[in-house]
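Please keep the sequence and the coordinates at hand while reading.

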Amino acid sequence: MSALTPQSDMPTPTTDKITQAAMETIYLCKFRVSMDGEWLCLRELDDISLTPDPEPTHEDPNYLMANERMNLMNMAKLSIKGLIESALNLGRTLDSDYAPLQQFFVVMEHCLKHGLKAKKTFLGQNKSFWGPLELVEKLVPEAAEITASVKDLPGLKTPVGRGRAWLRLALMQKKLSEYMKALINRKDLLSEFYEPNALMMEEEGAIIAGLLVGLNVIDANFCMKGEDLDSQVGVIDFSMYLKDGNSTKGNEGDGQITAILDQKNYVEELNRHLSATVNNLQAKVDALEKSNTKLTEELAVANNRIITLQEEMERVKEESSYILESNRKVTKDRTADGHALTEARKQLKEETQLRLDVEKELEVQIGMRQEMELAMKMLEKDVCEKQDALVALRQQLDDLRALKHELSFKLQSSDMGVKQKSELNSRLEEKTNQMAATIKQLEQSEKDLVKQAKTLNSAANKLIQKHH
């Protein structure tokens, strides 16, 4: 199937331009497919008049590569736009069975394969985009986790399958745009894998990387273990992006403005929700820090209490030793009174019981200290997790702000176009009014001339009658 034509800027092209566009489009039986705004338009060949000149052939490799880059960029634009719109309308997490998402990965695969250099192996020549994707972990350290996960998947046996798994994991991580930008900025590394006029080496690659920022508003979830990514056939389904070219375009501008406003409102609502979430997490972190301080103080008090109990236990041991020594002396001498011996035994028993009580209390305090230390470790772990979540949410908030800025710029551009059209309409109305006034003046002049002609005719008749 031949390549698609780039988007046209003129709403009503001349016959020569129509003929050229028809020659550079896809032909399907009696139909042709071409870019029209944001869609691929399907029209019958009978609805346009073609010149009898034969279709030109372009054998220049640079022209073919440039045409392929433009076509792939247009397909990526259509795929990303359709995926974002359908995902926002669907309002749920996307999975691997979602058709627009499958088509997006197919288009990205074609973009990464464009202009790949063939590497010779024992089995012949091999073209795989897994090699360039492996470079991302050297440029962005965060991508090392994705690369390691892809290599650990047991079901992947080919480089193509690993590349497809890498794209899915990067989309789930919402870092696909960042990784692609980092890769495209290092053309000195990409030159090892791509031809000089490949898509990843030209401006179209940077444009596609910028378009991928919009996918950060999409939540996707894939189960990589059950999918057979090695044997999938990457064929672009053009029917998802086709529409009837003969349909009316009266409300197309209003629909685009409405879509931009809806996206802007959605981003603002999501921004407010994330801001509230960040504030709640910050409040929880502050509460945990206060609780951590309080527990630290209680732990210090408990440590002081344990030290006091240990000193008291040592004192009781010394007193018990002294009492035992005294009892031995009393037993040896046998000169002491029996009443004193009974009192000594009673005191020894009391001191022994006191020692046991002190030891039990010491064990309880040691257990409490261990529990407090365990609670402190759990709190520290919880605080670290909350801080990581806070950093991730702030990153998402920055991405959403960038998307909001881009949508605001598009809205301003649409408003300027509407304003220019309004000024043109007012000028046309003013010229119409002037022409109507001129026509009225001409009609009045014509009436005056008719009256003058009648007057002169009657005067001439009178003169003729007098002459006769």
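The numbered points below go from the chain as a whole to particular helices and residues.

1. The model is a predicted one. Its chain contains 12 helices and six strands. Of the 468 residues in the chain, 32% are buried. Among contacts in the chain with a separation of 6 or more, 74% are between residues 24 or more positions apart.

2. How do the axes of helix α2 and helix α10 cross? Helix α2 covers residues 61-90 and helix α10 covers residues 203-211; their axes come within 10 Å and cross at roughly 5°. Angles under 35 degrees count as roughly parallel, and α2 is therefore roughly parallel to α10.

3. The contact between these two helices can be followed residue by residue. On the α2 side stand Arg69, Leu72, Met73, Ala76, Lys77 and Ile80, and they meet Glu204, Ile207, Ile208 and Leu211 of α10. Sorted by class, the contact of α2 with α10 has seven nonpolar residues, three charged residues and no polar ones.

4. A search of the whole structure gives two aromatic pairs. One of them is formed by Trp166 and Tyr179, with 5.8 Å from centre to centre and 50° between the planes, and this pair is tilted. Trp166 belongs to helix α7 (residues 159-173) and Tyr179 to helix α8 (residues 176-184), so the pair ties together parts that are 13 residues apart in sequence.

5. Are the two partners of this pair buried or exposed? Trp166 has 0% relative accessibility and therefore counts as buried. Tyr179 also counts as buried, because its relative accessibility is 0%.

6. Helix α8 deserves a point of its own. Seven of its nine residues are buried, so α8 is largely enclosed by the rest of the structure. The buried residues of α8 are Leu176, Ser177, Tyr179, Met180, Ala182, Leu183 and Ile184.

7. The loop between α7 and α8 includes Lys174. Most residues other than glycine have a negative phi. Lys174 is not a glycine, yet its phi is positive, at about 60°. The reader may wish to inspect the backbone there.

8. What does the charged end of Arg168 sit over? It is placed over the ring of Phe105, and the distance to the centre of that ring is 4.3 Å.

9. Helix α11 (residues 252-333) contains Glu289. With 41% relative accessibility, Glu289 counts as partly exposed. Glu289 and Glu380 are 91 residues apart along the chain, while their C-alpha atoms are separated by 9.1 Å.

10. Helix α12 spans residues 338-467, and Leu354 is found in it. Leu354 counts as partly exposed, because its relative accessibility is 36%. Its C-alpha atom is separated by 9.1 Å from that of Met313, a residue 41 positions away along the chain.

Methods. Residues numbered from 1 in each chain as written. Predicted model: local features only at pLDDT ≥ 70, side-chain atom pairs only at ≥ 80, totals over all residues. Heavy atoms only, no water. Axes fitted to C-alpha atoms, helices over the stretch in contact; angles between N-to-C directions. Helix = DSSP H or I, 4+ residues; strand = E, 2+ residues; numbered from the N terminus. Parallel < 35°, antiparallel > 145°, perpendicular 65-115°, else oblique. Contact = heavy atoms within 4.5 Å. Nonpolar A, V, L, I, M, F, W, Y, C, P; charged D, E, K, R; others polar. Phe/Tyr/Trp six-rings, centres within 6.5 Å; stacked < 30°, edge-to-face > 60°. Buried < 20%, exposed > 50% of the residue type's maximum accessible area, 1.4 Å probe, protein only. Lys NZ or Arg CZ within 6 Å of the ring centre and 35° of its normal.
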